[in-house]
Amino acid sequence: MDSLNEINEEIKQTLENKQLMGVINLDIAKAYDTTWRHNIIIKLNSILCQGRLLNIITNFTANRKFQVKANNHLSRKFTQENGVPHGSALSVTLFFIAINDITLNCNPPVKCNLFADDFNYWCRSYNVKTVQIFL
């Protein structure tokens, strides 16, 4: 709700100031499946400074394999090159670590927010060309 409220407040200010506003909303497709694990380990290394917890998480994300079952038949095993495991509470945290700094690349006059895998960015101005250029 915070993300939506923030955008709603921007819309109110845009209308009050008789400006124009452009908004782009992105829902990152297959967010958990495409998370770059190597990046997670690099970020965790700077946070955890090596140690057992980093080793546990590295082992948790490494050498992941999966099979597909259809009509009571199992496929061959596939290696999961990227992504974090579905259904694990730790995966949510790992995904957030991977993506949380995306908002650091948002510079004024563009504003942005992030909720899970939904990324929103917007810009407002009196000139539609300015909005288009910045977005």
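A residue is termed buried when its relative accessible area is under 20%, exposed when that area is over 50%, and partly exposed in between. In the predicted model described here, glutamine 19 has a relative accessible area of 16%, and because this value falls under the 20% limit, glutamine 19 is classed as buried. The residue lies in the loop that joins helix H1 (2-16) to strand E1 (20-27). Once residues up to four places away in sequence are set aside, the contacts of glutamine 19 are Gln13, Thr14, Arg124, Ser125 and Tyr126.

The loop between H1 and E1 also holds lysine 18. In contrast to the buried glutamine 19, lysine 18 is exposed, with a relative accessibility of 72%. The backbone of lysine 18 has a phi near 55°, a positive value in a residue that is not glycine. Most residues other than glycine have a negative phi. A positive phi near 55° is likewise found at alanine 116, which is located in the loop between E6 and strand E7 (118-125). With a relative accessibility of 27%, alanine 116 is assigned to the partly exposed class.

The overall architecture was examined next. The protein chain contains six helices and seven strands. Read from the N terminus, the order of these elements is α-β-α-α-α-β-β-β-β-α-β-β-α. The radius of gyration of the protein chain is 20 Å, whereas the globule rule gives 14 Å for 135 residues; the computed value is well over that figure, so the chain is more spread out than a compact globule. The C-alpha trace spans about 60 × 45 × 25 Å along its principal axes.

Of the 135 residues in the protein chain, 27% are buried. The accessible surface amounts to about 9,500 Å², and carbon and sulfur atoms contribute 56% of this area. Among contacts with a sequence separation of 6 or more, 58% are between residues 24 or more positions apart.

Several pairs of residues illustrate how sequence separation relates to distance in space. Methionine 1, in the segment before H1, is 114 residues from phenylalanine 115 in sequence, yet their C-alpha atoms are 9.1 Å apart. Methionine 1 is exposed, its relative accessible area being 71%. Alanine 62 and tryptophan 36 are separated by 26 residues in sequence and by 12 Å between C-alpha atoms. Alanine 62 is situated in the loop between helix H4 (52-61) and strand E2 (64-66), and at 33% relative accessibility this residue is partly exposed.

Isoleucine 97 and proline 108 are 11 residues apart along the chain, with 24 Å between their C-alpha atoms. Isoleucine 97 belongs to helix H5. When neighbours within four places in sequence are left aside, isoleucine 97 is in contact with Lys43 and Leu44.

Proline 108 also takes part in a cis peptide bond, which links it to proline 109 and has an omega near 10°. Most peptide bonds are trans. Proline 109 is placed in the loop between helix H5 (89-99) and strand E6 (111-115).

The cysteines were considered last. A disulfide requires a pair of cysteine sulfur atoms within 2.5 Å, and under this criterion the count of disulfides is zero. For cysteine 123, the nearest cysteine sulfur is that of cysteine 106, at 9.3 Å, and cysteine 123 is in no disulfide. Cysteine 123 is buried, with a relative accessibility of 1%. Cysteine 112 has a relative accessibility of 15% and is therefore also counted as buried, given that the limit for this class is 20%.

Notes. Residues are numbered from 1 along each chain as its sequence is written. This is a predicted model: local features need pLDDT of at least 70, side-chain atom pairs count only at pLDDT 80 or more; totals for chains, interfaces and linings use all residues. Side-chain values use heavy atoms; hydrogens and water are left out. Buried means under 20% relative accessible area, exposed over 50%, partly exposed in between (1.4 Å probe, protein chains only). Helices (H or I, at least four residues) and strands (E, at least two) are DSSP runs, numbered from the N terminus. The radius of gyration is taken over C-alpha atoms; the globule rule is 2.2 Å times the number of residues to the power 0.38. Contact means heavy atoms within 4.5 Å. Accessible areas come from the Shrake-Rupley method with a 1.4 Å probe; for residues, only the protein chains shown count as cover.
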